[in-house]
Amino acid sequence: MKISWRLPWLTRGLTLALIVVTLQACSVDLYTNLDEREANEMVATLISKGIAAGRVMQKDGKLTVTVDEDQFSQAVTVLNMAGLPKEKFATLGTVFQQEGLVASPVQERAQMIYALSEELSRTVSQIDGVLSARVHVVLPDNDPLQRNAIPASASVFIRHEADLDVNPLIPRIKTLVANSISGLTYEKVSVVPVASQRASEPVAGAELTSFLGIWMLPASVAKARLIFGCLLGGLLAALSCLGYLAWRKQSRRRKVYPLQPYGPAK
């Protein structure tokens with residue numbers, strides 16, 4: 001009798017396990033080890049394009065962005081067009097981490113040039129409409145006694161959205177780079193803008209679809225139907241088990257306490 005009463009709980013557990021396995025099988029990891037701001041930006045971009053995406057918390061506090069397995073390639077394309085995830089740039093603190101006891105002048109100079117390039121690249125990439133940016137700085141090692149010194153120069157490459165008017169930004173970028181490096185003039189800074197050819201594609205499939213009175217993305221309807229079918233099947237199985245247990249209990253009561261015929265006692 002004790003084993004029979006466990007049947008509804010067993011059915012419920014199997015149903016929940018089936019739902020979890022189904023969800024895990026439909027979703028795959030897109031990007032991992034993300035901070036909250038970056039993960040939110042990626043999820044918002046995917047949802048605006050009609051791609052169902054979610055966030056999963058990792059053990060170390062970082063986030064993982066997940067998408068449906070059948071939309072994996074489309075999600076990667078959408079994020080690449082949007083310039084996500086943002087490129088990671090080294091900072092002055094990380095570049096100048098002392099690894100040895102004494103650094104050579106050549107090493108210090110190379111680290112300084114690299115750190116300046118990374119810092120400027122990160123600053124330019126934060127401009128609205130700029131998808132990615134790289135700054136290449138050239139600081140010649142001139143002799144102090146040389147009369148004709150070679151001036152410093154810098155080249156800036158930016159990839160921007162196709163609908164962005166980049167012409168007003170070029171003078172500002174040149175001024176920013178020239179004022180950030182000692183000995184660099186405005187005329188020695190060149191900016192090469194390249195428009196993204198696919199960034200201005202129209203949004204497709206972002207309309208919501210109603211399922212049982214709930215509005216959701218079209219890509220999530222199939223998963224919602226599958227989950228609803230699993231829940232309905234589990235509910236019917238649980239009700240069947242409860243009905244069977246009730247009938248069995250009633251049958252046992254009839255065997256233990258049989259009905260006595262009416263009439264005077266003999």
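These notebook entries record what I looked up in a predicted model of one protein.

**Entry 1. Ground rules**

I worked with a predicted model, in which local features need pLDDT of at least 70 and side-chain atom pairs count only at pLDDT 80 or more, while totals for chains, interfaces and linings use all residues. Residues are numbered from 1 along each chain as its sequence is written, and side-chain values use heavy atoms, with hydrogens and water left out.

**Entry 2. Overview**

I found eight helices and eight strands in the protein. Helices (H or I, at least four residues) and strands (E, at least two) are DSSP runs, numbered from the N terminus. Of the 266 residues, 29% count as buried; buried means under 20% relative accessible area, exposed over 50%, and partly exposed in between, with a 1.4 Å probe and protein chains only. I then turned to contacts, meaning heavy atoms within 4.5 Å. Among contacts with a separation of 6 or more, 64% join residues 24 or more positions apart.

**Entry 3. The cores**

I looked up the nonpolar cores, each a set of buried Ala, Val, Leu, Ile, Met, Phe, Trp, Tyr and Cys residues joined through side-chain atoms within 4.5 Å. Which members of the largest core touch the most other members? They are Val 156, Ile 158, Ile 173, Val 177, Ile 181 and Leu 184, in a core of 20 residues. Two or more residues of this core come from each of α6 (105-125), β4 (130-138), β5 (153-160), α7 (169-180) and β6 (189-195). Another core, of 16 residues, lies apart from this one and includes Met 42, Val 67, Val 78 and Leu 79.

I followed Val 156 further. Leaving aside neighbours within four places in sequence, Val 156 is in contact with Arg 134, Val 135, Ile 173, Val 177, Val 189, Ser 190, Val 191 and Val 192.

In helix α4 (residues 72-81), I noted Ala 75, Val 78, Leu 79 and Met 81 as the buried residues. Seen down the helix axis, these buried residues fall within an arc of 160°, so they line one face of α4; the arc is that of the directions from the helix axis to the C-beta atoms. An α-helix has 3.6 residues a turn, so residues three or four places apart point the same way. The buried residues of α4 pack against β1 (27-34), α3 (36-48), β3 (63-68) and β4.

Just after α4, I recorded a positive phi of about 75° at Gly 83. The peptide bond from Leu 84 to Pro 85 is cis, with omega near -5°. Pro 85 belongs to the loop between α4 and α5 (92-95).

**Entry 4. Two strand residues**

Asn 33, in strand β1, has a phi near 55°, a positive value in a residue other than glycine. Most residues other than glycine have a negative phi, and most peptide bonds are trans. Asn 33 is partly exposed, with a relative accessible area of 49%.

Not counting residues up to four places away in sequence, Thr 66 touches Ser 27, Val 28, Asp 29, Leu 30, Ala 52, Ala 53, Gly 54 and Val 56.

I located Leu 164 in the loop between β5 and α7. Leu 164 is partly exposed, with a relative accessible area of 23%. Beyond four places in sequence, Leu 164 touches Asp 128, Gly 129, Val 130 and Leu 169. The C-alpha atoms of Leu 164 and Val 130 are separated by 8.4 Å, although the two are 34 residues apart along the chain.

Glu 118 sits in helix α6 and counts as buried at 4% relative accessibility. From C-alpha to C-alpha, Glu 118 and Lys 88 are 9.2 Å apart in space, and they are 30 residues apart in sequence.
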